[in-house]
Amino acid sequence: MPVVMKPLETYRDDFTFRNSPQAIARFPFPFPEDSYMYSVNLEPANGGASGSVFEHWFDIDEHYVSEMAERARVLERDPGRCLVMPHMAQAAWDSLEMLMEHLAADYPEHFELQRDGDRWTWINRPLGIEQHFTFGDPATLPCEPLEYITRQAQGDFAVLDQRDGDLFMDAGMVTCPADWSIKFDAGMSFKQWHAPVPLAPQMGVFDRALKYLLNIQVGQPVRRLNWTMTINPRLDTSSETFHEWGHERGLVTPENVARLVHLRVELQFMPRLPRSNALLFGIRTYLISLEELATNPAWACRLHRVLRDLPEVIADYKGLTLYRQTVVDWLSQFDPEVRAA
Amino acid sequence: MSALMEVRVCAVRQLTPVVREFTFEAAEGQLPGFSSGSHVQVLMPLGERTLRNAYSLLGDPADSTRYRIAVRLQDASRGGSRYLHERVAVGDRLQLSRPHNLFPLHSQASHHVLVAGGIGITPFMAYIAELQARGASFELHYAFRGRLTDAYVDELAERLGDRLHAYDSSAGQRLDLAALLAGQPLGTHLYACGPQRLLDGLREQARALGWPDGRVHWEAFAAPEPGLAFRVELARSGQRIEVPADLSLLEALEAAGVEVPNLCRGGVCGQCATRYLAGAVEHRDHYLDEAQRADSLMPCVSRGGCASALLLDL
């Protein structure tokens, strides 16, 4: 099914981002049951149903052009959102190869890759790019290779060096993080960058997850879903720009809650980079307003129960505390148990 | 379980009287890329059973069209190395696992010291291609028996010049481990692959000289040693399996259709660790600590006793 891209929308200022009914239908709703607790919810990423967000390794959707424009805007203000430590140069090329190969194979109407030895031609039709370059020679690209390819792929990407039985955040392109910062986490180990997460460390979640990730094999990626909530369809909720968006949590009222509050879901996708042995950590973010989400009443009902019963420490960590009750109240109209009471 | 790939043997070379080199290309499509230090499992159909031996990929990782391995004919071969030496020819097809790396280069090393014993040279062939391409600082110490286990020594001498230090035991040359380690600058990482006594000697010297464990990396030969026959019983399915003397427990489980996740098949990666509920265990792995051994074993190398059946939590 060919992806039809929408005209330019914004993720800031006037926030014109909206999901089409097709985008809502394929939204990766993250809750398999009526309550939520941390777990090692990693699973083999062996593809998924046609048209679903799981179908391809790197999902491209109707927001592609807008999301890439938003990334360019963030990088213009803050080039430090893309980081590649010197020892990660090979992993950057590895990432470029993997992304180009998969995008070209999975979306031939939009992307094309021609390889003649190390002389490559890359065509990106939605962004109007035709690039001739020499694989392995950064001087033949307009910018560093990880930056080059992730300016053309939706979602954030961390590239993790594997050493000493651990993973280190030594490279990445992070312009749409859910309240974290690649600059703050640069060089940190797996447990260091997860240190702020409550409850999960004591549950042994990170010990088991790390062990699992270290053993990911070439060609056998894994995935998981993570979630939080965001006010407005704002992609760039990074620590660096907290002063621009943090206060918006106080703006939620019963009147605007359905349009202002968004469920934010990350489809995390982790393939082994074959040449460098680094681990690519893709964080593909999907936003949906409560109003859009409630067009599927089963989702609205379940989200009501999840948020109502969410442990306080998790709500605090996810930054929901200020407006959680307003959201729960609004969602309660979709819960038959509440209506019956 | 790891997806398998089909390859065609496109070249075979006898490198020494006991070392034979095989080059593979994809039977269809492309081979996945690999990083230096990676290995593949080669599946060998031996009558009713399938042996899976792990071999280091020794080609240049930059060449993604071919894989190369070198196989030493083992005196006490359980059939794997003999099969490859005597039965496999150009044009044959084989099944391989995807490459996996349990012996990677360390990104933070300022100098790399590689120590190979005999056929342990194989992972370093890929290392050297990688290190040379990066312009990294390294030296290779290669101990072998001349005209028997000296695979690639001429090629290496040509490529490495004085970065190669060769020790031919048939000429009475010995590698002095203490001298080798004592002279290394801070930031050096040591990588060793070879027989167990070489690895033990290096680790002992490194520890004596105060090297942090994290700067000493090693890969043991992965073939499981044979033992005595024993019986296992699977607690969940009630299945009973006889493990013959020349098969590992993992292989016997696989032959019985029981899949256990595994990577190295040599007792180091920990992937196949399995709980047991009763029975005597002869632990032969390098992964589990004493506490873990009380209820877990690694079936790729460890075996049960012959007196009573081993009860596995499978």
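1. Before we look at the sheet: two strands pair if DSSP finds at least two bridges between them, and strands (E, at least two residues) and helices (H or I, at least four) are DSSP runs, numbered from the N terminus. With that in hand, A:Val84 has A:Ala171 in strand 7 of chain A as its bridge partner. Strand 2 and strand 7 of chain A run antiparallel and are joined by three bridges.

2. A word on what we're looking at. This is a predicted model, where local features need pLDDT of at least 70, side-chain atom pairs count only at pLDDT 80 or more, and totals for chains, interfaces and linings use all residues. Residues are numbered from 1 along each chain as its sequence is written, while chains are lettered from A and ligands numbered from 1 in the order in which they are written.

3. Now the whole sheet in chain A. It is open, with seven strands in the order 1-8-9-10-6-7-2 and antiparallel pairing. Strand 1 (43-44) and strand 2 (82-84) of chain A are the edges, each pairing on one side only.

4. Follow strand 6 (residues 156-163) of chain A to both of its neighbours. The hairpin of strands 6 and 7 of chain A has two residues between the strands, and A:Asp164 takes a positive phi near 55 degrees in it.

5. Is strand 7 of chain A mostly buried or exposed? Buried (20 or more other C-beta atoms within 10 Å of a residue's own; 12 or fewer is exposed, in between is partly exposed, and C-beta atoms are placed from the backbone). Seven of the eight residues of strand 7 (residues 166-173) of chain A qualify, so this strand is largely enclosed by the rest of the structure.

6. Two non-glycine residues with positive phi are worth a click. A:Asn277, with phi near 65 degrees, sits in the loop between strand 9 (261-270) and strand 10 of chain A, and is buried, with 26 other C-beta atoms within 10 Å. B:Arg147 has phi near 60 degrees and belongs to the loop between strand 9 (138-144) and helix 3 (153-160) of chain B.

7. On to the cores (a nonpolar core is a set of buried Ala, Val, Leu, Ile, Met, Phe, Trp, Tyr and Cys residues joined through C-beta atoms within 7 Å). The largest one has 82 residues, with B:Leu114, B:Phe124 and B:Ala192 making the most contacts inside it. Helix 2 (residues 122-134) of chain B gives the largest share, six residues. Another core, of 72 residues, lies apart from it and includes A:Tyr64 and A:Leu273.

8. Finally, where the chains meet: 18 residues of chain B are in contact with 14 residues of chain A, contact meaning C-beta atoms, placed from the backbone, within 7 Å. The chain B side is made up of seven nonpolar residues, 10 polar and one charged. Here Ala, Val, Leu, Ile, Met, Phe, Trp, Tyr, Cys and Pro count as nonpolar, Asp, Glu, Lys and Arg as charged, and the others, Gly among them, as polar.

Key. Two residues are in contact if their C-beta atoms, placed from the backbone, lie within 7 Å.
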